[in-house]
Amino acid sequence: MSRHLVIVGGGMAAGRLIDHVLAEGGWTVTLFNAEPRGTYNRIMLSPVLSGDKTYEDIVTHDDDFYRQAGVTCRFGERVTAIDRAAKTVTGEDGVPVAYDKLVLATGSDPFMIPLPGHDLDGVIAYRDLEDTRRMMGLGEGSRAVVIGGGLLGLEAAAGMHARGVDVTVVHLMGHLMERQLDEAAGYLLRRELVSRGIKVLCSSNSKEIVGRDGRVAALRLEDGTELPCDLLVMAVGIRPSVALARAAGLAVGRGIHVDDQMVTSDPDVLAVGECVEHDGQLFGLVAPLYDQAKVAAETLAGRDAAFANRETATKLKVTGCDLFSAGDFAEGEDREDIVFRDPARGVYKRLVLQGERLIGAVMYGDTADGSWFHGLIKDGTDVSEMRETLIFGPAFQGGEPLDPMAAVAALPADAEICGCNGVCKGQITEAILGGAQDLGAVRTVTKASSSCGTCTGLVEQLLSVTLGDEYEAPAAQPVCGCTDLTHEDVRRLIKAQELQSQQAVWQELGWTTPNGCHVCRPAVNYYLLADWPVEYQDDPQSRFVNERKHANIQKDGTFSVVPRMWGGVTTAAELRAIADAADKYNVPTVKVTGGQRIDLLGVRGEDLPAMWADLGRAGLVSGHAYAKGLRTVKTCVGTDHCRFGTQDSTGLGIKLEKRLWGSWTPHKVKMAVSGCPRNCAEATCKDLGIVCVDSGYEIGVGGAAGMDLKEIQPLVKVATEAEAMDHVVAFVQLYRENAKYLDRPYKWIAKVGMDWVRERVGDPQERARLIAAFDLSQSIYQKDPWAERTEDEEARQFGPLADLTLEAAE
Amino acid sequence: MTWTDIGHIDEIPLRGARKVKTIGGCVAVFRTAEAEVFATGGSCPHKGGPLADGIVHDRKVTCPLHNWVIDLTSGAVLGADDGQVPTYPVRVEEDGRLLIDLGELRLRRSA
Ligand code: SRM
Ligand SMILES: Cc1cc2nc3c(=O)[nH]c(=O)nc-3n(C[C@H](O)[C@H](O)[C@H](O)COP(=O)(O)OP(=O)(O)OC[C@H]3O[C@@H](n4cnc5c(N)ncnc54)[C@H](O)[C@@H]3O)c2cc1C
Ligand code: SF4
Ligand code: FES
């Protein structure tokens with residue numbers, strides 16, 4: 001007599017199990033499925049959504065199939081209870097069905113974030129055919145929002161977009177598919193989706209779903225943005241469906257506990273699929289579920305088999321987005337990365353090695369070798385022999401070195417190379433092909449690189465790309481070990497290619513490390529914020545600790561605090577606030593600096609936000625004594641008090657400091673204004689110094705008194721204070737736009753020439769442009785960093801993450 | 001192993017670090033990727049620089065005082081310099097909580 005097998009859930013794992021059970025024979029099978037249909041290939045819902053396939057194409061076991069095989073189908077019926085003592089299950093009709101063996105294959109439930117409004121009509125998950133049909137029902141031109149930039153969310157977004165729907169993806173994390181992809185691949189994926197017209201918002205937190213007449217109308221984000229939509233799809237994760245098993249008293253953790261034989265804590269109950277937890281692992285991809293189905297069938301047949309989890313690889317089923325990810329990127333000892341980027345083809349590959357073995361691989365753009373790498377990971381192959389060439393894949397024979405010219409070769413013909421003279425790549429290549437065989441000749445023919453010279457490196461690379469071996473470029477100093485490009489090249493390419501994020505720089509310019517190093521990151525961060533003040537988001541993690549903590553680190557790890565004293569002028573109230581802060585925070589040293597202000601040295605990192613808050617109440621702001629930015633404007637007493645004073649030097653100094661503070665610059669910038677040529681403010685050895693005379697203001701630039709002693713060179717002489725301000729601002733902006741990171745103005749001027757600087761700042765049109773660009777940047781960056789960090793959230797970052805000494809004391 | 005909860009991964013900025021005070025000294029916890037963290041002793045083997053204040057890149061940190069570069073996976077100083085910081089197992093739970101195993105550092109308290 002055949003025994004009775006009851007299966008709860010008719011999804012992919014159950015379908016596969018039934019195939020094995022039917023082939024074996026000996027069972028009468030009853031199959032309950034809450035979905036009102038048989039088994040289909042759930043992973044192919046995305047091609048159905050995008051219109052590449054129909055539902056009929058993806059059905060694997062329909063009602064007819066099951067009926068012919070003698071399986072009793074209870075479709076559209078949910079099992080509501082299991083009585084393990086009586087060995088029965090009860091469906092919605094309330095009549096118990098007896099079993100000899102029971103298999104739970106209930107899959108998972110999509111997780112719905114309990115945002116206000118999540119129960120409105122038009123808020124759906126992406127799990128089954130019903131969800132897919134809701135999305136397919138949207139008309140062309142309607143709007144959808146997808147919460148979640150993982151595999152499912154992006155397939156939903158791309159599928160709806162293919163049907164003419166206006167789609168926005170809202171993702172909490174900093175980059176897409178963060179579980180499978182690293183940032184670089186996430187960047188490329190996002191770039192591809194955005195270029196198709198899908199809107200992608202990363203690092204965005206949803207706050208509330210706005211409804212109208214019981215239907216979804218919009219999604220409101222934490223920052224207040226409202227995204228109107230006709231349908232909202234939540235694809236933020238899944239939870240094993242365990243309610244039934246839990247109610248039946250089976251051992252349940254995050255999933256239903258099973259042993260290697262797929263048997264639950266009850267020997268007559270098995271479980272397979274996404275509802276199980278095996279050895280602490282949950283499952284979300286189909287390959288291991290098929291192995292589970294096979295093992296469960298063997299167990300039912302009374303044979304010995306054991307399930308072992310194996311590495312699975314992920315591919316996104318969106319046409320044109322070629323990505324592949326396999327193996328493990330989580331933390332571990334002794335790991336090494338091999339990174340390959342080909343910006344011209346939009347290719348990125350990264351391999352993670354542990355000892356002699358490959359343990360992870362991420363690829364974007366060219367995934368042809370994916371399965372080969374996956375094989376190496378699964379088999380644990382010793383790759384030490386092929387380590388050097390591993391990343392080039394199985395077909396690789398002999399050395400084809402990385403091409404440092406790729407970034408330049410990839411530029412379109414109309415990309416601007418020389419900003420000063422408006423020369424684009426096409427004109428330069430044409431000149432080279434027309435016979436200009438070296439830098440001098442290209443300069444003469446096109447004017448490129450004949451002004452400020454920062455594009456010289458690029459022109460040389462164009463010569464090299466165009467002429468090949470015939471051209472021998474003079475060796476230039478690259479930024480650091482992460483790239484072959486010089487600072488000047490990087491700056492020019494950021495402008496020419498409109499690179500607006502660090503990810504874009506690393507990928508498009510072929511960085512050889514995943515995310516730079518302590519040398520290039522601060523430089524790239526500065527270039528991006530200087531060139532794209534609106535588009536780029538400053539990255540504190542790419543700044544030296546002083547600029548991240550807004551204080552100077554001392555050799556014992558404490559910090560110094562220097563409030564601004566505009567033009568060196570203070571008041572009794574400010575001094576009192578400083579004195580009080582010194583008392584309250586036990587400041588060991590209070591010193592007058594060489595920059596006409598007061599330094600409080602030896603403050604504990606944890607105390608900084610509270611101390612700033614106290615100083616802030618007295619009107620004191622950060623003096624940026626730690627910044628590559630405006631430091632001080634020293635002044636002398638000027639006309640107000642001095643018998644020799646010719647102009648209001650103190651007043652002008654204060655005005656300049658108020659206009660310029662908070663601006664980031666390639667290196668620190670110090671200024672001074674002296675009231676007469678006696679020069680008590682030492683203006684002649686500052687980055688910019690003004691010496692007042694009877695007839696006006698003599699402005700000089702490029703002075704220094706640090707490691708080099710330099711006297712300023714005359715920039716211009718003007719008659720009014722307003723003109724003086726204009727010229728100062730224009731000069732600072734010219735320096736901000738062109739200098740190499742960590743070049744003080746005198747070093748930069750030595751490279752581009754004082755004549756060029758004078759010409760630029762002297763040209764009224766260019767001066768106006770520079771001033772406007774500076775003011776735009778200030779509208780974003782002129783904020784007191786101290787005041788911004790006294791709020792609870794920000795302030796906590798200054799303290800320890802956890803204090804376990806307290807716990808120990810208990 | 002004794003796992004101690006020290007906070008949530010979102011309390012450490014991406015490519016940033018925070019310190020954890022223990023009875024046996026400071027420990028630095030680094031977040032190198034969206035869901036990847038490492039923990040090492042808090043002081044640089046050169047002159048005791050606070051490693052949690054350094055720039056985090058790849059799986060390395062650069063000390064803020066004199067730019068020694070330390071491999072977070074092994075605690076070894078890289079490049080021409082020589083030295084070693086202790087490392088501690090730390091893991092990220094599904095819900096983002098961070099658990100650390102301080103091993104001997106905890107034992108020191110009973111010693
Ligand atoms: C506090 C102060 C000394 C003082 O007690 O007077 C000072 C202190 C430091 N200076 Fe300075 N400099 C100070 C005025 C100067 C001056 C004089 C001036 O500004 O009139 C100079 C020469 C003028 C010049 O810059 O051309 C000066 C030239 C330097 C240099 C060399 C710069 C150069 O390009 O050659 C450095 C190193 C650097 O920046 O790379 C430096 C670096 C430093 C650092 C930040 C060293 C460091 O990286 O940790 C010191 C921080 C101490 C701290 O923890 O606060 N400091 N430093 C002065 C602060 C002025 C202010 O109110 O902001
Ligand atoms: C859109 C989409 C794309 C995907 N793409 C991929 C991919 O590319 N690669 C990949 O490997 N995986 C992919 N997956 C995941 C894959 O589909 C799942 O891993 C797989 O379907 C899980 O199989 P299962 O049998 O455990 O659960 P399911 O297939 O979900 O089946 C469970 C069934 O049980 C039913 N059920 C639940 N509780 C009860 C109850 N009490 N009574 C009766 N019936 C019940 C449910 O209605 C459901 O039909 C994708 C998933 C989706 C939704
Ligand atoms: S002169 Fe040297 S020691 Fe003195 S504050 Fe400046 S950097 Fe420090
Ligand atoms: S203390 Fe770390 S490098 Fe010197």
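**Salt bridges, a ligand shell and a helix**

A:Lys87 has a relative accessible area of 24% and is therefore partly exposed. This value, like those that follow, comes from a predicted model. A:Lys87 pairs with A:Asp268 in a salt bridge, with 3.0 Å between the closest N and O atoms. A:Lys87 sits in the loop between strands S6 (81-83) and S7 (88-90) of chain A, and A:Asp268 in the loop between strands S20 (256-258) and S21 (269-271), so the pair ties together parts 181 residues apart in sequence. A:Asp268 is also partly exposed, at 22% relative accessibility. Its value lies above the 20% limit under which a residue counts as buried.

Side chains of opposite charge can pair when their charged atoms come close. Over all chains, the search found 53 salt bridges. Two further pairs lie in chain B. B:Glu34 and B:Arg31 form a salt bridge, their closest N and O atoms 3.1 Å apart. Both partners are buried: B:Glu34 has 9% relative accessibility, and B:Arg31 has a relative accessible area of 5%. B:Glu93 and B:Arg91 form another salt bridge, with a closest N and O separation of 2.8 Å. Here B:Glu93 is partly exposed at 28%, and B:Arg91 is partly exposed at 32%. Salt bridges also link residues of both chains in a network, made up of A:Asp182, A:Asp337, A:Arg350, B:Glu36 and B:Arg59.

Ligand 1 has 20 residues around it. A:Gln554, A:Thr593, A:Gly594, A:Arg597 and A:Lys668 come nearest. By class, the shell holds four nonpolar, nine polar and seven charged residues. A polar side-chain atom of A:Lys591 is 2.8 Å from a ligand oxygen. For A:Arg744, a side-chain N or O atom lies 2.9 Å from an oxygen of ligand 1. A:Gly706 contributes a backbone N or O atom, 3.4 Å from a ligand oxygen. Strands S33 (598-603) and S38 (704-705) of chain A are the elements that give two or more residues to this shell.

Helix H22 of chain A spans residues 721-738. Its 18 residues reach 26 Å from first C-alpha to last, close to the 26 Å expected at 1.5 Å a residue. H22(A) is mostly covered, with 14 of the 18 residues buried. An α-helix has 3.6 residues a turn, so residues three or four places apart point the same way.

Methods:
Residues numbered from 1 in each chain as written. Chains lettered and ligands numbered in written order. Predicted model: local features only at pLDDT ≥ 70, side-chain atom pairs only at ≥ 80, totals over all residues. Heavy atoms only, no water. Near = heavy atom within 4 Å. Polar contact = N/O pair within 3.5 Å; in protein donor to acceptor, adjacent residues only side chain to side chain. Helix = DSSP H or I, 4+ residues; strand = E, 2+ residues; numbered from the N terminus. Nonpolar A, V, L, I, M, F, W, Y, C, P; charged D, E, K, R; others polar. Expected span 1.5 Å × (residues − 1). Buried < 20%, exposed > 50% of the residue type's maximum accessible area, 1.4 Å probe, protein only. Salt bridge = Lys/Arg side-chain N within 4 Å of Asp/Glu carboxyl O.
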